[in-house]
Amino acid sequence: MIWQPSLLSLQVTLTASLFIFVLGLGLGTLLAKRRFPGQLFLSTLLNLPLVLPPSVVGYGLLLGLGRGSPIREWLGIDILFTWQAAAIASTVVALPLMVESTRAAIANVNPELEAAARTLGSTEGEILLRITLPLSYRGILAGFTLSVARSLGEFGATLMVAGSIPGRTQTLPLAIYDAVESRDYDRANIMVMIMVAIAVIFLYWVRRLEADQSK
């Protein structure tokens with residue numbers, strides 16, 4: 001059956017997407033509009049999941065969420081090997097795409113337009129909501145779409161912190177690996193086609209947004 005991993009992937013991706021949008025928009029805006037001590041270090045830290053092997057990211061999450069971590073020992077939160085841990089892994093791995101796209105899109109907004117609004121008495125919040133975000137939304141949306149696609153296909157870090165438990169933590173990428181391991185190629189082929197179709201739709205949508213932005 002493929003509906004269980006499909007539904008679980010949808011649940012994990014939707015949850016991760018919510019965190020990616022909120023955190024990515026906030027962090028991208030902060031990096032684009034403010035200069036503060038440690039900014040370069042923060043930007044480097046946020047982009048680490050892009051260059052590190054997924055197993056390293058997963059191991060880091062194991063240390064951060066597992067036994068001996070403040071989250072487990074102080075707050076009493078134990079989510080390892082649950083779908084929530086898979087959502088956190090997907091968020092961490094995909095977040096840099098959203099942050100960098102948002103930062104670049106906002107940084108490309110003409111500062112003269114924002115300065116003109118400032119001279120007319122607009123507050124920084126009003127400038128952000130009425131000028132900056134409307135002018136940069138295509139880049140932000142493209143980054144968000146790529147992040148959602150990346151979170152849907154997350155494999156390595158998810159396997160480290162959530163395992164591959166059918167019906168509980170086994171998402172589509174993990175189910176494909178399990179089907180290939182057990183030589184159930186018919187099931188693997190169906191799930192691969194689903195993943196490829198979703199990826200094509202997401203990438204086509206991103207290219208459309210980029211084409212509209214360049215007009």
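Student: Which element gives the most to the lining of the largest cavity?

Tutor: Let's start with the general idea. Rolling a probe the size of a water molecule over the atoms shows where empty space is left. On a 1 Å grid over the protein atoms alone, a cavity is a set of points where a 1.4 Å probe fits but cannot get out, and lining residues have an atom within 4 Å of a point. Here α1 gives the most to the lining of the largest cavity, with three residues. Helices such as this one are DSSP runs (H or I, at least four residues), numbered from the N terminus.

Student: What should I know about the model itself?

Tutor: This is a predicted model, in which local features need pLDDT of at least 70 and side-chain atom pairs count only at pLDDT 80 or more, while totals for chains, interfaces and linings use all residues. Residues are numbered from 1 along each chain as its sequence is written, and side-chain values use heavy atoms, with hydrogens and water left out.

Student: What volume does the largest cavity have, and which classes of residue line it?

Tutor: A volume is the space filled by probe spheres set on the points, with grid points joined across faces, edges and corners. For the largest cavity that comes to about 50 Å³. Its lining has four nonpolar, six polar and one charged residues. Nonpolar covers Ala, Val, Leu, Ile, Met, Phe, Trp, Tyr, Cys and Pro, charged covers Asp, Glu, Lys and Arg, and the others, Gly among them, are polar. Among the lining residues are S9, T13, S90 and E154.

Student: How much space lies in the largest pocket?

Tutor: A pocket is an open set of points with protein on both sides within 12 Å along at least five of seven lines. The largest pocket holds about 310 Å³ of space. Of its 15 lining residues, L23, I88, T91, V92 and L95 lie nearest its centre. The elements giving two or more residues to this lining are α1 (3-33), α2 (39-51) and α5 (83-107). With six residues, α5 gives the most. By class, the lining divides into twelve nonpolar, three polar and no charged residues.

Student: And what is the volume of the second largest pocket?

Tutor: The second largest pocket has a volume of about 150 Å³. The largest share of its lining, six residues, comes from α1. Residues that line this pocket include S6, L10, V148 and F202.
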